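Hi,

Here is the model I promised to pass on. Have a look at it first, and my notes follow below.

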Amino acid sequence: MEFLKDLFLYPGFLFGFVLGGLLEGFKRKLKARMQLRKGPPVTQPFYDLSKLLLKNITKPYTISSFTYLLIPFVPTVGLLVGVLLMPYPFYQEKASFSFDLILIFYLTELPLLSQIIFGYFSKSPYGMVGAARAAQMFFYYNGVFIMVITTLCLLEGPPYSFCLKSIAEAWDSLDVLIKILTIPFFVFSVLAKLKLNPFSIPDAEAEILEGPLTEASGVALALFKLNYLLELAIFGSLFAFFYLPVLKTSPQMGLSLILLGAFFLFFMFALVENFTARLRLSQFSALYLKFLIPSATLILVITWVLKTW
Amino acid sequence: MFLDAIKQFLRYSQKKSLWVFHVNTGSCNGCDIEILALFSSKYDAERFGIKLVGSPKHADILLVTGPVTTKSRDPLLRAYDMMPKPKAVVSVGVCSLSGGVFAKSYNVLGPVDNFIPVHVYIGGCSAHPNMILEGLLRAAQILCEEEELWSF
Amino acid sequence: MVKLIGWLLTNLFKKPLTFEFKGKSLKAVRATYRGYPTHRGERCAACRLCIYVCPSDAIRIEGSLFIINKCKCTACKDCADACPFGAMQFIPRLIGTAISKNEYMEITEIKLVKCENCGEPMPKPELLLGRLLGKPPKTIPPYLRLCPKCRRQFFNPT
């Protein structure tokens, strides 16, 4: 009973869904306001999702309806577990998980993997192009993301266990400096992970139709959108855990700090989306290979030297 | 009782979130430019939840500009068939209503409503973005209230 | 790029440029907007020049009814240029949306006068005289109130 409550109410489904939806709506609203438009209401993602639930499904006849719904459903379960793995206040005292950052990292890759599989499975040429692009991008930004995670886990002391809780509690002056240095790399890799504007290469904002999701419709599309919202919630709160003293204060204060951090991250995303244009795949890989991965590695080495001496 | 309330809410959200797929069946691009102007700051259509999507499988509304030509008839019919129900069709501009200046041309087969059922007509050469917005909202009303569209 | 970021951040505190749209369309368009043709029945002589010049066959005359099919009209203004009496007028207004095509038929009646002798409909004599003299006529001679057939009889009563 307690577990079901965790899974469906507070750190689980409802919290992640509502937080993700509000973050997405907030981002769209801010983006519109920066372009001097009025913008959709903040609750717009919920309308979109609930509309999709009633729609008919038109699926390609080469794919069975069971697989059609299973592919987007698996990452939903994965992401729910991923939300449970975060040390949210009011929940981390009683939770029996070890808040493993590596596991969260793998679970947040599931939606993208499912999109790639879906793109290839649907046999639509646009889906295949989108899936191929997503699969190529996957390699580069995860390099940066792994560097960031490793740098942060070096902060916590000798038994390096990739525990999110101990990373969030590392708060010395040197730690703060290193954390601030890793912020741009975190933002860049998350931008690419969420397929936001400078890196919106796989779906290209309706230019190669919808990328891997071209053939998705009805409930399957709703599940994909739900995955996206859960991902937003996970990365928003991950930002707060990394860079804000969430677990150092009282639980109420910590929860509001998480919300503050998540909304601040999406404010930055709206800004970046507005002043950048989409890169080509070659430019994207050059940016990551020549600039971001080497400098992230440099920061990792510096941290290691400082911490072990 | 409870299920009815949920169903009512889902239908209401259909009204608030319209995903539009735009098909050009051989128009002169005048109406296409006006449709792009619809998403600019002045006529901001996104505040009503209207969004251009790339795939007909995501769309609620098919926005057709231009007369149907011999080459574009099959793509139009296929895009219409791919759209999940409930769906509505909005035809924009004089060309899609009657053929306009292209009528009686050797490759023009006729207006759009000879091929697929059209729910809202928007006249004008080219249609004013404001009227396109009004037509889309009218189509949303039809999509929300028409019982016929929901039987599948 | 820094300048652009500055603009974006200041835009957050400005009023949006978007037009208000409360259920209905916005009424006023600028006076330079061309708009759509409106037919004025009292100035029309039913000469059918507009039908002749219309490139998209939008105009039709059935009996004394003058029908503009707005489904076909492309607002090229040829009819207004061709009309000798200024019966086609362009008013800056928007063409609306419709559920059925019949709403786009704009039907007006041509106001013809009747011949005083036989009752045959004929165009107003003031219009023709005004066109001929270049200014509105002061008096109309009585033979102009007759249709061409009766006029011939009026001059050569055989």
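Let me start with a strand pair in chain B. Strand E1 (residues 18-24) and strand E3 (residues 61-65) of chain B run parallel to each other, joined by five bridges. Strands here are DSSP runs of E with at least two residues, helices are runs of H or I with at least four, and both are numbered from the N terminus; two strands pair if DSSP finds at least two bridges between them. Within this pair, B:Phe21 sits opposite B:Leu62 of E3(B).

Before I go on, some housekeeping. This is a predicted model, where local features need pLDDT of at least 70 and side-chain atom pairs count only at pLDDT 80 or more, while totals for chains, interfaces and linings use all residues. Residues are numbered from 1 along each chain as its sequence is written, chains are lettered from A and ligands numbered from 1 in the order in which they are written, and side-chain values use heavy atoms, with hydrogens and water left out.

Back to the sheet. E1(B) and E3(B) belong to an open sheet of six strands with mixed pairing, in the order E2(B)-E1(B)-E3(B)-E5(B)-E7(B)-E5(C). Strand E2 (50-52) of chain B and strand E5 (97-98) of chain C each have a single partner strand, so they form the edges, with one side of each lacking a neighbour in the sheet. Helix H2 (residues 30-37) of chain B lies across E1, E3 and strand E5 (88-92) of chain B, at about 140 degrees to E3(B). That angle is taken between N-to-C directions on a scale from 0 to 180 degrees, with axes fitted to C-alpha atoms (for helices, over the stretch in contact).

Chain C also has an open, antiparallel sheet of three strands, ordered E2-E3-E6. Its edges are strand E2 (59-62) and strand E6 (105-109), each pairing on one side only. Strand E3 (residues 65-69) of chain C is linked to E6(C) by five bridges, and C:Ile67 has C:Ile107 as its bridge partner there.

Is A:Ser237 buried or exposed? A:Ser237 counts as buried because its relative accessibility is 0%, the cut-offs being under 20% for buried and over 50% for exposed, with partly exposed in between (1.4 Å probe, protein chains only). A:Ser237 is part of helix H9 (residues 219-243) of chain A. Beyond neighbours within four places in sequence, A:Ser237 touches A:Met86, A:Tyr88, A:Ile258 and A:Ala262 (contact means heavy atoms within 4.5 Å).

Cheers
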